[in-house]
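Subject: Handover of a structure for your review

Dear colleague,

Please find below the sequence and structure that I am handing over to you. My notes on what was found follow directly after.

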Amino acid sequence: MGDSETDTDTDAQTLFWDLVDELQIADDRVHEGRIMSSRCARVDGEFLALYHKPEWGLVVKLPRERVSELVEREAGQPFRPNGKVFREWISVPDVDADTWRSLLNEGVAFVAPRA
């Protein structure tokens, strides 16, 4: 991996955790956790999102229908580590703060809706 790829990956990871920090300020139910031996964001103990290497980028849990819509629009791809498709998880490798922020907020509303 070249230096520019390493820098890009580091920048994307930093963006992800900065966005999680924003979520934590807005919603005290959001916290850091672990999944698949990696750091992730959780809300009320449920998986919300993670940054998974440059090839997957942001991985966030959303309703199955929303994931299908995003894939159809080519705004993301199914998350399929080791070939197994997670139907409620979307992978968004293109690094864009506004898009990632919006999807993370959608994820919070899906994973742990307020009563």
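E22 counts as partly exposed because its relative accessible area is 37%, where partly exposed covers values between buried (under 20% relative accessible area) and exposed (over 50%), computed with a 1.4 Å probe on protein chains only. The model is a predicted one, in which local features need pLDDT of at least 70 and side-chain atom pairs count only at pLDDT 80 or more, while totals for chains, interfaces and linings use all residues. Residues are numbered from 1 along each chain as its sequence is written, and side-chain values use heavy atoms, with hydrogens and water left out.

E22 forms a salt bridge with R101, and the closest N and O atoms are 2.9 Å apart. A salt bridge here is a side-chain nitrogen of Lys or Arg within 4 Å of a carboxyl oxygen of Asp or Glu. This pair links distant parts of the chain, since E22 belongs to helix 1 (residues 3-26) and R101 to helix 4, 79 residues apart. Helices (H or I, at least four residues) and strands (E, at least two) are DSSP runs, numbered from the N terminus. R101 is also partly exposed, because its relative accessibility is 29%.

**Helix 4**

Helix 4 has 15 residues and reaches 21 Å from its first C-alpha to its last, close to the 21 Å expected at 1.5 Å a residue; the expected span is 1.5 Å times one less than the number of residues. Its buried residues are W100, L103, L104, G107, V108 and V111. They lie on the same side of helix 4 because they cover an arc of only 145° around the axis, the arc being that of the directions from the helix axis to the C-beta atoms. An α-helix has 3.6 residues a turn, so residues three or four places apart point the same way. At the N-terminal end, D96 caps helix 4, with a side-chain oxygen 3.3 Å from the backbone nitrogen of D98. Such a polar contact is a pair of N or O atoms within 3.5 Å; within protein, one must be able to donate a hydrogen and the other to accept it, and residues adjacent in sequence count only if both atoms are side-chain atoms.

**Helix 3**

In helix 3 (residues 64-72), the buried residues are R66, V67 and L70. Because they cover an arc of only 100° around the axis, they are on the same side of helix 3. E65 and E72 are exposed on the other side of the helix. The buried residues of helix 3 pack against strand 6 (86-92) and helix 4 (97-111), where contact means heavy atoms within 4.5 Å. After helix 3 comes E74, whose phi is positive, near 60°.

R66 counts as buried because its relative accessibility is 19%. Not counting residues up to four places away in sequence, R66 touches R73, L103 and E106. R64, also found in helix 3, is partly exposed because its relative accessibility is 45%. Beyond its neighbours within four places in sequence, R64 is in contact with R87 and E88. R64 and Y51 are 13 residues apart in sequence, and their C-alpha atoms are 20 Å apart in space.

**Further salt bridges**

The count of salt bridges comes to nine. One of them joins the side chains of R73 and E69 (3.2 Å, N to O). Salt bridges that share partners join R66, E69, R73 and E106 into one network. Within it, R73 is exposed because its relative accessible area is 53%, whereas E69 is partly exposed at 38% relative accessibility.

Another salt bridge is formed by R39 and E32, whose closest N and O atoms are 2.8 Å apart. R39 counts as partly exposed at 39% relative accessibility, and E32 is partly exposed with a relative accessible area of 42%.

R42 is found in strand 2 (residues 38-43). A polar atom of the R42 side chain lies 2.9 Å from the backbone oxygen of G45. Leaving aside neighbours within four places in sequence, the contacts of R42 include R29, V30, H31, G33, R34, I35, F47 and L48.

With kind regards
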